[in-house]
Amino acid sequence: MGAVDIGHPGLGLSDLEGFFGSFGGVSPLLVSDYDGTLAPFRRERSEAVPSEETKDLLQRILEAGGEFVLLTGREASEAASLLGVPAEIWGCHGWQRRSPGGDTVTVPLSAAEERALLMLPDLFRAFPPDAVERKPVSAALHWRERPDVLEQYRKIEEVLLERASQSGLERLPFDQGVEFRLPSCTKGEAMKRILAARSFRDPVCYLGDDVTDEDAFRVLDGRGAGILVSALPAVSAAGVRILPEEVPEFLRRWLGALTAGRRGTP
Ligand SMILES: [Mg+2]
């Protein structure tokens, strides 16, 4: 009881009326990925920001008392400055949890995980520094619009894999890059923690565009709406797919349903 029925895979934005119709008297939770979902990709990752329309809608959702959590592979403080909206942010695939005011807590790591992290600074040292993103619990290599970086990666991929697996790091391919991280730091694990703190009655959705988001979609199964943001059909654990340009309209409907639900609450 209480789970939101969103139907079968292959649904689109227009099929979400039932989901939005369930917002009365409950606390809907909007969880979203950042890159490629709220913010279009840029070669310069520091320039990837949401449109003014998207930011304005997120701001209005928060002002209407809506709950919004950003769940990203980026560091939380970096995501906060790019997002420009005072949201709760779970960074580094959920390892960090940053309040809207900036207080940040992290998930404790085991001794083996701490040892694995010592490997990270050297892992991508053969690559151009601007293609490497070093984060506290992972390292990512980006080859968007950088065929030279991809070519170089392919040459030494086996060696990297060997070194990473010996250290206890996991490889995570993503759109236009690869990341090596601790196996415990996934969006699925983060989603479990987010859901554990909330009532089963509350409608939850997760918006994401990439392979790292599939862990979160799987955790959400039966509990809310997994929404793949993609211009192309894809095999996904999400039940719904919307186009990237439909994200503002999705947020507009979320805001409308949220305020209508509040008005209908005794
Ligand atoms: Mg993404």
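This is a predicted model: local features need pLDDT of at least 70, side-chain atom pairs count only at pLDDT 80 or more; totals for chains, interfaces and linings use all residues.
I then traced the two strands concerned: β10 (residues 204-208) and β11 (residues 225-229) pair in the parallel sense over four bridges.

Next I examined the packing of helices on these strands. Helix α8 (residues 211-220) packs on the sheet and touches β2, β10 and β11; I recorded an angle of about 160° between the directions of α8 and β10. Helix α7 (residues 187-196) lies across β1 (29-32), β2 (67-71), β3 (88-91) and β10, and runs at about 160° to β2.

I followed the sheet across its strands. Eight strands form an open sheet with mixed pairing, in the order β5-β4-β3-β2-β1-β10-β11-β12. I noted β5 (104-106) and β12 (240-242) as the edge strands, each pairing on one side only. Neighbouring strands are turned by 20° against each other on average, direction ignored.

I turned to the nonpolar cores. The largest has 49 residues, and Tyr206 and Ile227 have the most contacts inside it. Helix α9 (residues 247-263) supplies the largest share of this core, six residues. Leaving aside neighbours within four places in sequence, I listed the contacts of Tyr206 as Val31, Met191, Ala216, Phe217, Leu220, Gly226 and Ile227. A second, separate core has 14 residues, including Ala116, Leu120, Leu141 and Leu182.

Finally I checked the domain division. Domain 1 covers 13-107 + 185-263, and domain 2 covers 111-181. Their C-alpha centres lie 26 Å apart. I found 13 residues of domain 1 in contact with 13 residues of domain 2; on the domain 1 side, these comprise five nonpolar, four polar and four charged residues.

Technical notes:
Residues are numbered from 1 along each chain as its sequence is written. A nonpolar core is a set of buried Ala, Val, Leu, Ile, Met, Phe, Trp, Tyr and Cys residues joined through C-beta atoms within 7 Å. A residue is buried if 20 or more other C-beta atoms lie within 10 Å of its own, exposed if 12 or fewer, and partly exposed in between; C-beta atoms are placed from the backbone. Two residues are in contact if their C-beta atoms, placed from the backbone, lie within 7 Å. Domain bounds come from an automatic or database domain assignment. Ala, Val, Leu, Ile, Met, Phe, Trp, Tyr, Cys and Pro count as nonpolar, Asp, Glu, Lys and Arg as charged, and the others, Gly among them, as polar. Two strands pair if DSSP finds at least two bridges between them. Axes are lines fitted to C-alpha atoms, for helices over the stretch in contact, and angles run from 0 to 180 degrees between N-to-C directions.
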